[in-house]
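Morning, everyone. Let me put the structure up and walk you through it.

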Amino acid sequence: MSHCQSCGACCASFRVSFYWGEEVPAHLTVPITPHRAAMRGTEAKPVRCIALSGEVGKEVGCTIYTQRSSTCREFTEYTPECNKARAMHGLPPIQA
Ligand code: SF4
Ligand code: SF4
């Protein structure tokens, strides 16, 4: 099973931005440049994507999973960025 379902740290650590034309529900996004939008909540402090449900480090889900951005799809487990996000939430690093 993926670590992601009991993590969610990356959805609550970084600004998640993408080309504004992607099919992400518009009311969950905020414009940041003429051509880019960000997931609402990820441009704020503390960071937490509005589409994230559950508790980081326990049990989480993405409420728009099939409509999530390319940025979300490209962010994967076991990468340095993944472990950086986990560390920001006090979670131990993971290895493949
Ligand atoms: S930080 Fe890593 S393990 Fe946690 S949800 Fe993101 S990709 Fe998955
Ligand atoms: S849209 Fe989903 S996968 Fe992307 S940051 Fe938000 S909760 Fe995470």
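This is a predicted model: local features need pLDDT of at least 70, side-chain atom pairs count only at pLDDT 80 or more; totals for chains, interfaces and linings use all residues.

Residues are numbered from 1 along each chain as its sequence is written, chains are lettered from A and ligands numbered from 1 in the order written, and side-chain values use heavy atoms, with hydrogens and water left out.

Ligand 1 to begin. Where does ligand 1 sit? In the largest pocket. A pocket here is an open set of points on a 1 Å grid over the protein atoms alone, where a 1.4 Å probe fits, with protein on both sides within 12 Å along at least five of seven lines. To sit in one, a molecule needs more than half of its atoms within 2 Å of its grid points. The residues around ligand 1 include Cys4, Cys7, Cys10 and Cys82. Phe75, Thr76, Glu77 and Arg86 are also among them. "Around" means a heavy atom within 4 Å. That shell splits into seven nonpolar, two polar and two charged residues. In this scheme Ala, Val, Leu, Ile, Met, Phe, Trp, Tyr, Cys and Pro are nonpolar, Asp, Glu, Lys and Arg are charged, and the others, Gly among them, are polar.

Now ligand 2. The space it takes is the largest pocket.

Next, charge. How many salt bridges are there? One, counting a side-chain nitrogen of Lys or Arg within 4 Å of a carboxyl oxygen of Asp or Glu. The partners are glutamate 55 and lysine 58, at 3.3 Å, N to O. Glutamate 55 is partly exposed at 46% relative accessibility. Lysine 58 is exposed, at 55%. The cut-offs: buried is under 20% relative accessible area, exposed over 50%, partly exposed in between, with a 1.4 Å probe and protein chains only.

Threonine 42 is in the loop between β3 (36-39) and β4 (52-55). Strands are DSSP runs of E, at least two residues, numbered from the N terminus. Buried or exposed? Threonine 42 is buried, at 2%. A polar atom of its side chain lies 2.8 Å from the backbone oxygen of methionine 39.

Last, arginine 15. It comes in the segment before β1 (17-19). Arginine 15 is exposed, at 51%. Its C-alpha is 25 Å from that of alanine 96, 81 residues apart along the chain.

Key:
On a 1 Å grid over the protein atoms alone, a cavity is a set of points where a 1.4 Å probe fits but cannot get out, and a pocket is an open set with protein on both sides within 12 Å along at least five of seven lines; lining residues have an atom within 4 Å of a point. Helices (H or I, at least four residues) and strands (E, at least two) are DSSP runs, numbered from the N terminus. A polar contact is a pair of N or O atoms within 3.5 Å; within protein, one must be able to donate a hydrogen and the other to accept it, and residues adjacent in sequence count only if both atoms are side-chain atoms.
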